Each structure stands twice: as C-alpha cells, then as structure tokens.
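Here is a briefing on one structure, grouped by topic. Keep the sequence and the 3D view open while reading.

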Amino acid sequence: MNEQTKKKEEQVQPDGGYGWVIIFAIILLNASLSTLVSCFGIIFGADLKSMGVSAAQISLLLHLQSSLYCIVGFFGSPLLKKYQFRTIAFIGAAIWCSGIFITAFAATYTLLVFTISFITGIGQGILMPATYLATNTYFKKRLTLAVSISTTGATLFSVISPKICDILVTKVGRKYTVLILFFISLLSFIGCLLLKPLPKKEVQRDELVTLNNTKQTNVENSTNKIYKETTRPIKKDTITSKLISIFDLTLLKQPSYTVAIICLGVSFAAELNMVLMMQVVLPELSNFKSNEVANVTSVQFGFDIIGRLIIPMVCHYFKANPKWVYVSALLTATVARTLLTLYTQSYIIVYIACSIIGATKGMRAVYQSVIIPKLVPLDKFVAANGFQMFFTGAISLVIGPIIGVVHDAFSSYKPALHASSILSCFCVILWIFETCFTRKISVNNHVC
C-alpha cells in the first residue's frame, strides 16, 4: 500500500468571535441606508401633494422598490458563488448610495420612481443577499440569535429616524434632508469593509490509496477522455426542463409549499402597503400633522421591536407553530386596521392601532423566514426560498397599485384599508383550507 496524505480546506462557522463584528456591520448597513424608504411619507409628503401624485402612484413607487429588491436579489444571488460577499456588498451599497444622492435633486414623480424604486431597489437587491451569506458563514448554532440581533439593531435606529427626518425637513427642507441622509449612507462603506470573508482552515486527512486503485482510476480517466473526444452528446434539454432543473420547480407539486408562497407573497404585499403608506394615510384620515405622524411612526417601530423579540420568545416557549403565529399576526393587524377606520379622529385609538400594526409587522418579519424551512428539506431550501422571493416581488407589483387605485376610486383610505384586510383574510382562509385538505389526505392514507 502507498500511503498518501492530503490537506483539505474547510469552512467552520465560529458562532461568535469576529462574527459579532459581522452583525455590527450589517446593523450599520441597514441603519445607514434604509431611512429614505422607511420615512418616505415624512420626507416627501408635502412635495407629493403639491405634485398632485395619487395614492396609486405612491403605492406603485414603494412596491416597485420592494419588488425590484426581491427580484434582483433572486437573480443576483449566483454572483455570490463567483465573488466574495464583501465585494458584492460594496457594489450594492454604492448603487444604493447613488440612488439616495440623486433623489435629493429629483423634482418630479418620474425621477423619484427612477431613483428610489429602481436605483435603491437594485442596490438593496444586490446588497442584502451578501449580508445573508455573511451571517450564515459565521453562524450556525447561534444563527437565530445573530439574525434577531441584526434585524433588531437596525430597527432601534428606525425608532428615532422619523422624528429626526421631520425636524430636518422642517428646518432645512426636503432636498438637504435627503443630502444629509446621503452622507449618513456613506457609513455603509465602513460596514462593507468589516464584512471580512471567513478564512478557510486546512484540515489534514490521511487517506490510504492502493496502487491497484490508482491504476484503475487512470484507466477510467483514459476511457472517459476517449469517450468525450469521440462522442457528440445529444442535446435533449429544453428551455422548460432547464428552468425546472435550475429553479427546482418540482417544489410546486407540494401543496403546502405552493399555498405558503402564495400566502406569504400576497400578505407581504397587502401588509407592506399599509405599513409604508401609513405616513401618507394618517394626515388624510386623521388630520395628523407632520410631527404627529413622526411620533406615531416612532411608536410603531418601537412595537416592531417587541414583535421581533418578545413575542417570538413567548411563542418559542410554548412551541407554537410558525404558520399559525403568522396567521394570528395577519388577523390581529386586520382588527387594528378596522379600528383605525372606525375611530379615525381618536388619537388614543390611532396610537393603539398603529402600535398593534407595528408589533404584527415585527412578528411577520421573523416568522416569514421560518415557514418555508419547515416545509422543505435543507438541500432544497435555497431554491424554495429563492422562488418564494421572486414570487413575492412579482405579486407585490400587482397588488400594491391595486390598493392605491381603491383609494383613488373612493377618495378615501378607509376602503383601501379594508382592501388590505380582505387580502390578508384571503391568505388566512387559504391556509385553513390547505391544512384541512392535508389532514384529510393524511387520515385517508393512514386508514388505507
């Protein structure tokens, strides 16, 4: 026997150490870049009104941004296989920053769509998958804790950013407010710099290889080489079969997964619309002034943190099913919106309703990333999550403007709020039917 020693490189997640620097970097990235969109209504509310921009147009702008983020993130993820996540993060942050800078000089609705929806949406779509990969590279056992800290850290800044933006718009105007946000966004490059790739460790392994095996291997290689040189392969793959193979569309044969991506996509679009539009809804619906809108938004983001941290901890203790926790968040948000339509002039009810909506937003942010992994095996998770991301982006483009159209048709946000609730309730009903159907099949198979 001929003994041969080989060295193999492996990546081992440290579950700490420099990983916490990575989490800080991701918090810095999100906090420095996301304020323009999260405070869109506070910054541009007055300008949009003077431009005569309709609710449907505002909704389209915001949903187009989130849709491009999802779609670009889906198609851009393969770049991470070729380049380091730090490189991709720099590209995404640079595009996002440039979008914020150009927005400062955008004086028309068309330019706002180009700068906010397209440029920042594309930048976010390139950047965020890099941060996901960075987190997963450094964490395995503590992954849930790491993700919770990173998302909550960025949300903490969102609690104070509405008030800051309101003060800035009042003191220096919209243009210089956005320019200040641009200079803050440059901090994202520090975050990108901190996204250091995890060095691979050399693991020494002893392998015993016999001379006979070596010879046999050589013979097989020679045979394969001759076969490749003398044989022309028959191209049987069609475009359809390639798409099915690349995106693993066979997952759609699983009813629970198909229903999940439909419900997650539709509810994301319906709920996101109301969360982002709330800064525009309250001045019209409840006659809130800009500083009052800023206060409510800050409270809403504060309860978002509770929805991300405390409620999931309680649900985890009681071992609650992620799908039904998500469903409860949809139903609770529906109740809050209904209260908002019934008691529009009550400050207390408005604050309570917006607080509840903020908490449910935080809950959905956590559990929408947990439902899919519960339905598919680990080796299919990337394809399943990618397809769900693509579907969410596509359906958001359809549903978002519809809710805005409802407002313009009735000249009120009340029907628009009800439309959002109807879509969320549709998802709840669909999930209930899917559960009953799955259980019935399971019982029949057990009897047989």
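Of the contacts in the protein chain with a separation of 6 or more, 88% are between residues 24 or more positions apart. The model is predicted. The protein chain has 18 helices and two strands. Of its 448 residues, 46% count as buried.

**H13 and H14**

- Helix H13 covers residues 290-308, and helix H14 covers residues 310-317.
- The two helices pack at an angle of about 20°, and their axes are 3 Å apart.
- Angles under 35 degrees count as roughly parallel, so H13 and H14 are roughly parallel to each other.
- On the H13 side, the contact is made by Ile305, Ile306, Gly307 and Arg308.
- On the H14 side, Ile310, Ile311 and Pro312 meet them.
- By type, the residues of the contact between H13 and H14 are five nonpolar, one polar and one charged.

- Helix H15 spans residues 322-342, which is 21 residues.
- From its first C-alpha to its last, H15 reaches 31 Å.
- That is close to the 30 Å expected at 1.5 Å a residue.
- Asn321 caps the N-terminal end of H15.
- In this cap, a side-chain oxygen of Asn321 lies 2.8 Å from the backbone nitrogen of Lys323.

**Glu434 in H18**

- Glu434 sits in helix H18, which runs over residues 413-447.
- Is Glu434 buried or exposed? Its relative accessible area is 9%, and buried means under 20%, so Glu434 is buried.
- Neighbours within four places in sequence aside, Glu434 is in contact with Pro255, Ser256, Val259 and Lys323.

**Loop residues with positive phi**

- Most residues other than glycine have a negative phi.
- Asn287 has a positive phi, near 60°.
- Asn287 lies in the loop between helix H12 (255-285) and H13.
- With a relative accessible area of 52%, Asn287 is exposed, because the cut-off for exposed is over 50%.
- Lys319 also has a positive phi, near 55°.
- The loop between H14 and H15 holds Lys319.
- Lys319 counts as exposed, at 75% relative accessibility.

Conventions
Residues are numbered from 1 along each chain as its sequence is written. This is a predicted model: local features need pLDDT of at least 70, side-chain atom pairs count only at pLDDT 80 or more; totals for chains, interfaces and linings use all residues. Side-chain values use heavy atoms; hydrogens and water are left out. Axes are lines fitted to C-alpha atoms, for helices over the stretch in contact, and angles run from 0 to 180 degrees between N-to-C directions. Helices (H or I, at least four residues) and strands (E, at least two) are DSSP runs, numbered from the N terminus. Angles under 35 degrees count as roughly parallel, over 145 as roughly antiparallel, 65 to 115 as roughly perpendicular and the rest as oblique. Contact means heavy atoms within 4.5 Å. Ala, Val, Leu, Ile, Met, Phe, Trp, Tyr, Cys and Pro count as nonpolar, Asp, Glu, Lys and Arg as charged, and the others, Gly among them, as polar. The expected span of a helix is 1.5 Å times one less than its number of residues. A polar contact is a pair of N or O atoms within 3.5 Å; within protein, one must be able to donate a hydrogen and the other to accept it, and residues adjacent in sequence count only if both atoms are side-chain atoms. Buried means under 20% relative accessible area, exposed over 50%, partly exposed in between (1.4 Å probe, protein chains only).
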